[in-house]
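Please take a moment with the sequence and the three-dimensional model before reading on.

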Amino acid sequence: MPSTSSCSSGWRRARSWVFPSWRMSGCSGRSCSSPPSPGAPYTADDLEFARGLGRLASLAVENARSYQSARRATRARDDVLGIVAHDLRSPLNSIILSAQALQRWKGNAAADTPRAADALGTIVSSVRRMNRLIDDLLDVARMDAGQLSIRPSPQPTETLLREVIEAARPQAEEVHLVLELPEVLPPVLADRDRLLQVFSNLLGNALKFTPPGGEVKVSARVEGGTICFQVHDTGPGIAPEALMHIFERFWQADRRDRRGSGLGLSIAKGLVDAHGGRIWVESEPGHGSTFLFTMPVAAAPPKGHGPVAPSDS
């Protein structure tokens, strides 16, 4: 056990040169072992004391980092719970009000009026909104767990894009929806349902921000071994400082805008990444936005392995 004077001497010497050693992966707690002057060599007690200080400093730094990480995780959890509660409460309120109206009309001739049909339509629409949010949250959980199911297979690109446009038409009553295609497009290698989900998220976002009378255009082109899909809108565009956050979960340029959960673009990115593609956005304020993503072209079948013509026998 070192004496008090030895410890004090060690402290006087150590405090001038002991410091945590930083690495890219964090603080390792190693200490500098060079004496402050050639005439004052350190003893074994001094060095052990310095090592102890280094370990304590490293532990303090790691504890501070853990605390900050826990704080961020708690804030993120609270943000998610707040967003989910808000987005579920709105359709639930619509369901309750519509159900109460139907209950009041029960047994009356009014139950057969258009008002009753509108109330039922509101209930169905609200349930779909809630189900969409739940599906989105489950997809996020699967992505985090690395359990997102992707089953790619060759898909007829032009047929799939026409289906995408027709599915989006009910949302585009006041917007001009355009499909622009080259003469020939090869099949795309993708999970059909997941690719439709990507388009649904991108088109839903484009239609949400395009004003009445505007245009949303879907197009595609071949780029090497991939097909590059584009969804262009004539909306307000995206500010440069917002572009880096556009694919983050729950992020919205205007926090007061509650027309979505803020998950659609993040999920679209996760689905494209899972296919081995990439997704990005090009935008300028006042000139609309273009979301682009790539998917691999399906390999052509080997020669001599095409469909066999039926025989005459």
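Q: Which residues does Phe 199 touch, not counting residues up to four places away in sequence?
A: This is a predicted model, in which local features need pLDDT of at least 70 and side-chain atom pairs count only at pLDDT 80 or more, whereas totals for chains, interfaces and linings use all residues. Residues are numbered from 1 along each chain as its sequence is written, and side-chain values use heavy atoms, with hydrogens and water left out. A contact means heavy atoms within 4.5 Å. With residues up to four places away in sequence not counted, Phe 199 touches Leu 160, Leu 161, Val 164, Gly 204, Val 218, Phe 229, Val 231 and Phe 293.

Q: Does Phe 199 count as buried or exposed?
A: Phe 199 lies in helix H5, where helices (H or I, at least four residues) and strands (E, at least two) are DSSP runs numbered from the N terminus. A residue is buried under 20% relative accessible area, exposed over 50% and partly exposed in between, with a 1.4 Å probe and protein chains only. Because its relative accessibility is 0%, Phe 199 counts as buried.

Q: What is the C-alpha to C-alpha separation in space of Phe 199 and Val 164?
A: Val 164 is one of the residues that Phe 199 touches. Although the two are 35 residues apart in sequence, the distance in space between Phe 199 and Val 164, C-alpha to C-alpha, is 6.9 Å.

Q: Which residues is Leu 160 in contact with, leaving aside its neighbours within four places in sequence?
A: Leu 160 is found in helix H4, which covers residues 157-168, and its relative accessible area is 5%, so it is buried. Leaving aside its neighbours within four places in sequence, Leu 160 is in contact with Gln 155, Arg 192, Leu 195, Leu 196 and Phe 199.

Q: How many nonpolar residues does the contact of H4 with H5 have?
A: Leu 160, Leu 161, Glu 163, Val 164 and Ala 168 in H4 meet Arg 192, Leu 195, Leu 196, Phe 199, Leu 203 and Leu 207 in H5. Ala, Val, Leu, Ile, Met, Phe, Trp, Tyr, Cys and Pro count as nonpolar, Asp, Glu, Lys and Arg as charged, and the others, Gly among them, as polar. By these classes, the contact of H4 with H5 has no polar and 2 charged residues, while the number of nonpolar residues is 9.

Q: Which word describes how H4 and H5 are placed to each other?
A: The two helices pack at an angle of about 45°, with their axes 10 Å apart; axes are lines fitted to C-alpha atoms, for helices over the stretch in contact, and angles run from 0 to 180 degrees between N-to-C directions. Angles under 35 degrees count as roughly parallel, over 145 as roughly antiparallel, 65 to 115 as roughly perpendicular and the rest as oblique. H4 and H5 are therefore oblique.

Q: Is the crossing of H3 and H5 left-handed or right-handed?
A: The axes of H3 (residues 114-145) and H5 (residues 192-209) come within 14 Å and cross at roughly 120°, so these helices are oblique to each other. A crossing is left-handed if the near helix is turned anticlockwise from the far one by less than a right angle, and right-handed if clockwise. The crossing of H3 and H5 is left-handed.

Q: How many charged residues does the contact of H3 with H5 have?
A: Arg 132, Asp 136, Asp 139 and Arg 142 in H3 meet Arg 194, Gln 197, Ser 200 and Asn 201 in H5. These residues divide into no nonpolar and 3 polar, and the number of charged residues is 5.

Q: Which residues of H7 are buried?
A: What covers the buried residues of H7 includes H3, H5, strand S8 (279-283) and strand S9 (289-296). Ser 266 lies in H7, residues 264-274, and counts as buried because its relative accessibility is 10%. The buried residues of H7 are Leu 265, Ser 266, Ile 267, Ala 268, Gly 270, Leu 271 and Val 272.

Q: Is Pro 285 buried or partly exposed?
A: The place of Pro 285 is in the loop between S8 and S9, and its contacts, leaving aside neighbours within four places in sequence, are Pro 236, Gly 237, Ile 238, Ala 239 and Pro 240. Because its relative accessible area is 44%, Pro 285 is partly exposed.
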